[in-house]
Amino acid sequence: MNSTPTPPASPSPDAPAPGATIVLDQAAIGRCLKRIAHEIIERNPDLTKVALIGIPSRGIEIAKRLAAYIAEFSGTAPFAGVVDVAMHRDDLHRHRLPPRVERTILPHDLEDLTIVLTDDVLFSGRTCRAAMDSISSFGRPARIQYAALIDRGHRELPIRADYVGKNLPTAHGQRVHVRFEATDGIPDSVWMSLA
Amino acid sequence: MSAASPIQHQKSAPSVPAATWTHKDLVGLQDLTAEEITLVLDTAAAFKTVGTRDVKKVPALRGQTLVNFFVESSTRTRVSFELAAHRLSADVINVSASSSSLTKGETLKDTAKVFEANHADIIVLRHSSAGASQFLAERLDASIINAGDGAHEHPTQALLDTFTIREKLGRVSGLHVAIVGDILFSRVARSNIHALLKLGAKVTLVGPSTLVPRVFEQMGVTVTHDLDAVLPTADVVNLLRIQHERQRKEYFPSLGEYTALFGLTKQRAEHLQPGALIMHPGPVNRGVEIDSDLADSHRSVILEQVTNGLAVRMAVLYLCAGVRTSVP
């Protein structure tokens, strides 16, 4: 387990409640992403053929961060983009309100490319399936890999991540919260709470 | 942070509070907020990319049934809704007034209830009476999408016009939009006025005083009968069709006189700013509202409006269906 810093003292309703378990702090998230960047470099000898594609919302930030680390460590800056999953989900009726649709940003030609999908939390695997469906409607990449900052288990589909920041055992009803300075305005952090 | 469905981990949108869509129906733009209109336009921008894919179809509305119920005739709007529904994987049936039991005296409500009894999820209604969509929306569980009701509203047309303006000029706020022609009978004009004013544009209505009465000033727009005075400051000129089928002869003496005073001729177009857009909801009466060559010129975005209409209708169907089918 990483060090457990005090929860951010901001009055933001977005901050972890007292008693919430801090899973990763800013430094630990940085270490996880740097390690994943190294693993992507190891597994993909030709980085010019790699595109990091973020799943909204916070997967987009992870794709950007990984692309920056890969550029720093290898000298090759991979493409960083976005894939919308909202219109490919099979559970529109299970949401209280229609999920926000995002603009997909992919390289023009997917042929011969390795797509690395990035997301903050891997849970049921349904979001990943929707992302793969969405990608395949644009073209046929050579392969798709998957990177998640947190793998919390409870898969409902036969899907696994190629790169994991941290495996986090959870109860089904628990919630895992990921926040980034860039997207949420509070220091990078991952915490867990009940229901 | 109330718990959504159990399969969801916390995946809220970024901290900038995005507007949420809470409407089962789309009856008009009068009651929408600027944030809601912007949400539709943003959603449409995402759906527009579906048209550029190898596979131009997404599964969002798989298993849902849409009835295109056009009591008043239409080609482009009906085809656009039909294609939008196909691209969202919904099943579509088309019903026109002449092929429905309305001709046997069945009421609008009863006919619509028959669709619902056949498990229709979305009914797209075009009707010659203002308020027909509102009437059904209040009485049916299905989503009702207004595809034009009398001279009241045509919300998806105004949304696609606004989308086109925003896409081409980068913004709507602060722009000067001239809407020219038959305003009195135009649901397109009314919906456009609502959308443009909410998003912060300045709107000037131009046309003969019989078709553009001063009473429109109460909506917060400027009314004028002098097109030449408006063109030099307009960022957008939206030319509405002269609706032969609705007009009686007394509104203006002749089509020739209308063109002489309010048609966008080549000579008049020279007074436009270099980047100004020429729009028309179609079908175009070439040589009446607009010079034929101008309609095909680089300034005209008439066909892009059609393309954008598809994206906007996909967005509207997605958002309304998402609310209707949601868990309480």
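**Helix α3 of chain B**

I began with helix α3 (residues 108-117) of chain B, whose buried residues are Thr111(B), Ala112(B) and Phe115(B); a residue is buried if 20 or more other C-beta atoms, placed from the backbone, lie within 10 Å of its own, exposed if 12 or fewer, and partly exposed in between. After α3(B) comes His119(B), with a positive phi near 65 degrees.

I note for all entries that this is a predicted model, in which local features need pLDDT of at least 70 and side-chain atom pairs count only at pLDDT 80 or more, while totals for chains, interfaces and linings use all residues. Residues are numbered from 1 along each chain as its sequence is written, and chains are lettered from A and ligands numbered from 1 in the order in which they are written.

**The sheet of chain A**

I then turned to chain A, where 5 strands form an open sheet with parallel pairing, in the order β3-β2-β4-β5-β6; strands (E, at least two residues) and helices (H or I, at least four) are DSSP runs numbered from the N terminus, and two strands pair if DSSP finds at least two bridges between them. Because β3 (79-82) and β6 (163-167) of chain A stand at the edges with a single partner strand each, one side of each has no neighbour in the sheet. Strand β2 (residues 50-54) of chain A is joined to β3(A) by 4 bridges, and I found Gly54(A) opposite Val82(A) in β3(A).

Helix α3 (residues 126-136) of chain A lies across β4 and β5 of chain A and runs at about 155 degrees to β4(A); axes are lines fitted to C-alpha atoms, for helices over the stretch in contact, with angles from 0 to 180 degrees between N-to-C directions.

**One residue of α1**

I also looked up Lys34(A), which lies in helix α1 of chain A and counts as partly exposed because it has 16 C-beta neighbours inside 10 Å.

**Between the chains**

Finally, I recorded that the contact takes 34 residues from chain A and 32 residues from chain B.

Technical notes: Two residues are in contact if their C-beta atoms, placed from the backbone, lie within 7 Å.
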